[in-house]
Structure formats: structure tokens, C-alpha cells
Amino acid sequence: MKVLCGDIRGTNTRLALFEVAETVLEILEEETFKSLESPTLEIIVSEFLQKRRISSPLSGCFGIAGPVKIGICQTTNLPWFIRLSKLVSELQTQRVCL
């Protein structure tokens, strides 16, 4: 199973794609983006996936500064509203955590 993980911060957003096999994590790809150069996290995720031609369903897990309420996070250090529903759509899976 592949998992896209993100560390969302005010200066940089770091994404990494992992292969998970039982108890072993293998990092496949990683990239750092300047957070304020994009209006949304979803655009960054889309760019990461498109560059690598990744289209299979993924699970996702994103660490974000700010409370998550009803699947939406208004970040405390960026002018973003991160919507769980948009990430679910982008990753083509129901397995996404904020």
C-alpha cells in the first residue's frame, strides 16, 4: 500500500510517498514546496502526484497546525482552508487523515 504523508508548515510543505509492507516503511519519493507559493494544499498534492504520474488510490496523512472541525482545517500559520473532502478526491481514496 502507498501512503502520501505531509508536514504542512508556514514556510515549507514537505510531502513524501511511502510504500508500506507489514511493519516496514520504504520512502519512494519526497519533495519540499514553499507553502506560500500555492493558494492551497490540494494544488501542491496534485503537482506532486502529476510530476510522478501517480494515479493509483493512495492513503494520506497530513500534519497541520490548526484544529480540524467537520473535516475542515483553517491553518493557523497559512491562509488556507484544508478540506478533507478535496484531499479524498485528489487521492482517490477514503483513507485520509488530517
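Strand 2 (residues 12-21) and strand 3 (residues 24-34) are joined by ten bridges and run antiparallel, where strands, like helices, are DSSP runs numbered from the N terminus (E, at least two residues, for a strand; H or I, at least four, for a helix), and two strands pair if DSSP finds at least two bridges between them. This is a predicted model, in which local features need pLDDT of at least 70 and side-chain atom pairs count only at pLDDT 80 or more, while totals for chains, interfaces and linings use all residues. Residues are numbered from 1 along each chain as its sequence is written, and side-chain values use heavy atoms, with hydrogens and water left out.

Within this pairing, Arg14 has Thr32 of strand 3 as its bridge partner. The two strands make a hairpin with two residues between them, and in the turn Glu22 has a positive phi of about 55°.

Strand 4 (residues 59-64) pairs with strand 8 in the parallel sense over two bridges, and Gly60 has Val96 as its bridge partner in strand 8.

A further open sheet holds three strands in the order 5-6-7, with antiparallel pairing. Here strand 5 (68-69) and strand 7 (81-83) are the edge strands, each with a single partner strand, so one side of each is left without a neighbour in the sheet. Strand 5 is joined by two bridges to strand 6 (residues 72-74), and these two run antiparallel; Lys69 stands opposite Ile72 of strand 6.

| Strand pair | Sense | Bridges |
|---|---|---|
| Strand 2 and strand 3 | antiparallel | ten bridges |
| Strand 4 and strand 8 | parallel | two bridges |
| Strand 5 and strand 6 | antiparallel | two bridges |

Ser38 is buried, with a relative accessible area of 9% (buried means under 20%, exposed over 50% and partly exposed in between, with a 1.4 Å probe and protein chains only). Leaving aside neighbours within four places in sequence, Ser38 is in contact with Ile43, Ile44 and Trp80, contact meaning heavy atoms within 4.5 Å.

The charged end of Arg52 sits over the ring of Phe48, 3.9 Å from its centre; the criterion is NZ of Lys or CZ of Arg within 6 Å of the ring centre and within 35 degrees of the ring normal.
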